[in-house]
There are 2 protein chains.
Amino acid sequence: MHLVPADRAERRTIDGHRVCDAIAAIGDEAHVRTWADRFSLLADPKRLALLLALHRTGPLAVSDLAIATGMNDPAVSQALRLLRAAGVVTGEKEGRVVRYRLVDDDTRLLLKHCAADGP
Amino acid sequence: MHLVPADRAERRTIDGHRVCDAIAAIGDEAHVRTWADRFSLLADPKRLALLLALHRTGPLAVSDLAIATGMNDPAVSQALRLLRAAGVVTGEKEGRVVRYRLVDDDTRLLLKHCAADGP
DNA sequence: TGCATAGCTGCGTACCTGTGCAGGTATCGA
DNA sequence: TCGATACCTGCACAGGTACGCAGCTATGCA
């Protein structure tokens, strides 16, 4: 099986068959970038704290999230804007309060892992 | 249960009990940062491709990884240096070839998720 | 109709990080 | 011993990103 793209076919390999396996394992580039972006959202401690709170506590208001995480309101708002744009959370307006909740199943699965070995 | 730290105890909450739940869900700050760092390693497409290759293919040489991912050698080396410093991978020298493999179970679990919905 | 609260936005700054290039070290074959 | 290969390191540049501040809109209460 020749999975090595033409532009790097002439480069010498150490274990040729493993290179093909590796290319197959990596898969589509778009697929990889999608997951990298997903991980990127969880890579910030503040954002991760927000998501962990939403993961376990259900709909939460912005200012409550700010108190729980020790952030100031604009910082929470900006983080939620990012997460909302990525389709990870959604906000529902009730009067002058906006309650956010988690909507992405893949992210939920990842959060379960890092909530598992907690205290 | 009063889990709100003293420095933000006077701020008004929308749903007081949920704030406490959220703080409990977030847990220790060091724990959150540890996981954020872990996710941060997977947040780069190139690094993620390297890890996916190592996850499924076993010990791989640096230049083979470079061919499989389309990166140049120094880029692979630097990425591996980062992953090695984080304790995610380890390299064993055999002659003039260094083969790397995955050693972190938490990371392995995360990789399994994004390898699951592949092609 | 004021006035406080809840949330959002834009801007500027400082910082981090990925990337490529040049050069260095160590091992193997001729 | 000479050269090629495999890998590593340091440095500089560009790009992205988090963070704080100031100001804005909108809702609810008195």
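I began with the spacing of the domains: the C-alpha centres of domain 1 and domain 2 of chain A lie 33 Å apart. The model is predicted. Domain 1 of chain A covers 1-42, and domain 2 covers 44-116.

Next I looked up the strands of chain A. β2(A), residues 89-94, pairs with β3(A) in the antiparallel sense over 6 bridges. E94(A) stands opposite V97(A) of β3(A). The hairpin of β2(A) and β3(A) has 2 residues between the strands, and G95(A) there takes a positive phi near 70°. I then checked β1(A), residues 60-61. β1(A) pairs with β3(A), residues 97-102, also antiparallel, over 2 bridges. L60(A) has Y100(A) as its bridge partner.

I moved on to the core. The largest nonpolar core has 71 residues. I26(A), A53(A), I26(B), A53(B) and L65(B) have the most contacts inside it. I followed I26(A). Leaving out residues up to four places away in sequence, I26(A) touches V32(A) and, in chain B, A49(B), L52(B), A53(B), A68(B) and T69(B).

Last, I took helix α6(A), residues 105-116. Its 12 residues reach 16 Å from first C-alpha to last, close to the 16 Å expected. Which residues of α6(A) are buried? I found T107(A), L110(A), L111(A) and C114(A). They cover an arc of only 100° around the axis, so they sit on the same side of α6(A). The face turned away carries the exposed residues D105(A), L109(A), K112(A) and A116(A). What do the buried residues of α6(A) pack against? I noted α2, α3 and β3 of chain A, together with α2 and α6 of chain B.

Key. Residues are numbered from 1 along each chain as its sequence is written. Chains are lettered from A and ligands numbered from 1 in the order in which they are written. This is a predicted model: local features need pLDDT of at least 70, side-chain atom pairs count only at pLDDT 80 or more; totals for chains, interfaces and linings use all residues. Domain bounds come from an automatic or database domain assignment. Two strands pair if DSSP finds at least two bridges between them. Helices (H or I, at least four residues) and strands (E, at least two) are DSSP runs, numbered from the N terminus. A nonpolar core is a set of buried Ala, Val, Leu, Ile, Met, Phe, Trp, Tyr and Cys residues joined through C-beta atoms within 7 Å. A residue is buried if 20 or more other C-beta atoms lie within 10 Å of its own, exposed if 12 or fewer, and partly exposed in between; C-beta atoms are placed from the backbone. Two residues are in contact if their C-beta atoms, placed from the backbone, lie within 7 Å. The expected span of a helix is 1.5 Å times one less than its number of residues. The arc is that of the directions from the helix axis to the C-beta atoms.
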